[in-house]
2 protein chains.
Amino acid sequence: MQQTDGRFSDLYALIPAGGVGSRLWPLSRSARPKFLYDFLGSGRTMIQATFDRLAAVAGDDHVTVMTGVAHAAAVRAQLPELDERNLFAEPVGRDSTAAIALATAILAKRHGRDVVVGSFAADHVIRDDDAFRECVAQAVAAARAGYVTTIGIAATRPSTAFGYIRQGAPLADRAPAAPDARTVRAFVEKPDAETAQGYLMTGEYRWNAGMFVMRAGVLLDTLARLKPRIYETVTALADVWDDDGDRRAEMMERLWPAVEKIAFDYAVAEPLAAEGGVAMVPGGFGWDDIGDFNSVAALIPSADARNNKIIGDRGRVVCLDSAGNVVAPAGGEGRTIALLGADDLVVVDTPDALLVAPRARSQEVKRMAAALADQGLDAIL
Amino acid sequence: MQQTDGRFSDLYALIPAGGVGSRLWPLSRSARPKFLYDFLGSGRTMIQATFDRLAAVAGDDHVTVMTGVAHAAAVRAQLPELDERNLFAEPVGRDSTAAIALATAILAKRHGRDVVVGSFAADHVIRDDDAFRECVAQAVAAARAGYVTTIGIAATRPSTAFGYIRQGAPLADRAPAAPDARTVRAFVEKPDAETAQGYLMTGEYRWNAGMFVMRAGVLLDTLARLKPRIYETVTALADVWDDDGDRRAEMMERLWPAVEKIAFDYAVAEPLAAEGGVAMVPGGFGWDDIGDFNSVAALIPSADARNNKIIGDRGRVVCLDSAGNVVAPAGGEGRTIALLGADDLVVVDTPDALLVAPRARSQEVKRMAAALADQGLDAIL
């Protein structure tokens, strides 16, 4: 099933592009979420880089995106290569299970239940594209063998920001084309620091990056069993999706807001792992999650000898006796940001909102977004 | 000579409004210096508050201002009560000796050498206007008795930000209407912390706020002796000032840039004190210098229970887990400043420049201005 150009003709990639990314406020906004930004200054936004990576594995016409109606136009503008039919829009976000299930039902209807669907988030950074492709090749092989297959990221530190995957036995001859694949014993939630340290010591735990690769029919059958209401809704929607635009729109408006909002990990991955139905392929391709300003800073080069990181135009930031800051000068043309004797701060300047916080509080920026909402400042969220 | 309304008919007040205030950058700019701002939210700018205070003592028509040509229009707009003839403009700043000397020469020419000229900076905050008036009354009396008279501010802490005045013997019957006046033994420059502590212990030292009150003739004679070149220039200018506008303009353009640039303390007060010609009246009227953001913060009430100080509209600043900050939200309409977990910072937001620094570095903001100039960013200075 592998094509001569190295792509997998039975693989369809899905990019769920839904999260607002409120830990990256005020750069990331509900009206313009983080996946539309080029945080790393690479010249490609998060969703563009994700599209490029997946198109290289599955082919342009095999990449699909699920996003909010409010962001469909922006996604279309950023991804001219994306087939219009492969852009799925939801009127309201219903979390990852519903998004993946709907896309899978549509793809199964179009291409058959044997196609493999691979879901990869729009806000991840992957450094080694070749290693990623090899890893996906094994995940596709394990998926073909009937497993819902995840990719386990090598844990390089005792992070408390990620969930973990506990590995089981090798699949061995159950999936010969996936020599590194193992079963998954369990998915575990974000641990505290001590628990995370313990995970790292055992060598049995990897980070859960929320990547899932599976045959469409396997996922749909699992949903029919574990989440029948979601299954019924998405298959009903898939039945009309391509043939009757009016009816699709009417059904989405009517049915979608009532769909259960539940993460894929909880609805599918955890219960199925307990049954032995989930496999894991180890990923060693250099992975990072663009979760907060600290994680962005870790991925961009220093602008000077004092480890200041600039997200954007360095020429607009002047640092005097200042070290280790993360500065985003996005406030508009002609603004200069001057730091004097400031260390380890996050300073994010946008046209209508400025954030100042210590880097150590990066994870808590989400709380600021909540506080602003409490004060009725939704316009800047 | 005291009028029935409590004013002194022979007193002319001078407000030298020259300094840029680069420690208050980016609020204070070369094009719009600090005296044009209402840092305290009192409803009156620094120069307006100074005018009000001096007009109450000397009368509206006895208040004069010396400022840069570039700021004359702004001063005129802020002080509609200021007589047009009492606004003196210099094409370039030549420090305080030249400014006070020129104004004094003009006033002597207009009103005679016996009038008393009192020079009071435009960036001071005085809390007790009645005490100030009583103090000025004694200073005027000492000035009439022939002394160049300064006002010595009660030192309430061992500040290293001010110069000090060392007091001498009481004037006693040499100026009966100035019962608290003493001679000045010496003016001393800004001390280090240990020296300042020593000054405070002796009880003989007061802060030098740069206030000087003297008979016009006494100052002009002193200048003729100690700074003859300055004396010649200002008397030549005063001779044509009111009678020949074209010639005044031509002479100012030609002569003023060549005038020696020297502070009044060095040129007049120190050498004259050594000769016994300077008196000091103690001032206990609650005085503060608006020198940097820390000193502004000390003068405004906290916006919340965590001692955050807002220079401007409180509604535009949101502080979460943040204490002791000084925030100026002057970036324009519709901008919100959000502080998360930030303590003891100065955050000054203006339309084209943002400053972030620890409060403890407030005095060094001047260095930032110099660094920006080095980088060719004069447009925002």
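B:Thr222 sits in helix H6 (residues 216–226) of chain B; helices here are DSSP runs of H or I with at least four residues, strands are runs of E with at least two, and both are numbered from the N terminus. The model is a predicted one, where local features need pLDDT of at least 70 and side-chain atom pairs count only at pLDDT 80 or more, while totals for chains, interfaces and linings use all residues. Residues are numbered from 1 along each chain as its sequence is written, chains are lettered from A and ligands numbered from 1 in the order in which they are written, and side-chain values use heavy atoms, leaving out hydrogens and water.

Is B:Thr222 buried or exposed? With 5% relative accessibility, B:Thr222 counts as buried (buried is under 20% relative accessible area, exposed is over 50%, and partly exposed is in between, using a 1.4 Å probe and protein chains only). A polar atom of the B:Thr222 side chain lies 2.7 Å from the backbone oxygen of B:Val218. Beyond its neighbours within four places in sequence, B:Thr222 is in contact (heavy atoms within 4.5 Å) with B:Lys227, B:Val268 and B:Leu272.

## Helix H3 of chain B

Now to helix H3, residues 95–111 of chain B. Its 17 residues should span 24 Å at 1.5 Å a residue, the expected span being 1.5 Å times one less than the number of residues. The end C-alpha atoms are 25 Å apart, which agrees.

Of the 17 residues of H3(B), 13 are buried, so the helix is largely enclosed by the rest of the structure. After H3(B) comes B:Gly112, with a positive phi near 100°.

## Two copies

Chain B superposes on chain A by a rotation of 180° with 0.1 Å of shift along its axis, at an RMSD of 0.1 Å (least squares on C-alpha atoms of residues with pLDDT of at least 70 in both copies). The two copies are thus related as by a two-fold rotation axis. In chain B, the C-alpha of B:Val356 is nearest the axis, 4.3 Å from it. The same surface serves both copies, as 100% of the contact residues of chain B recur in chain A.

Methods:
A polar contact is a pair of N or O atoms within 3.5 Å; within protein, one must be able to donate a hydrogen and the other to accept it, and residues adjacent in sequence count only if both atoms are side-chain atoms.
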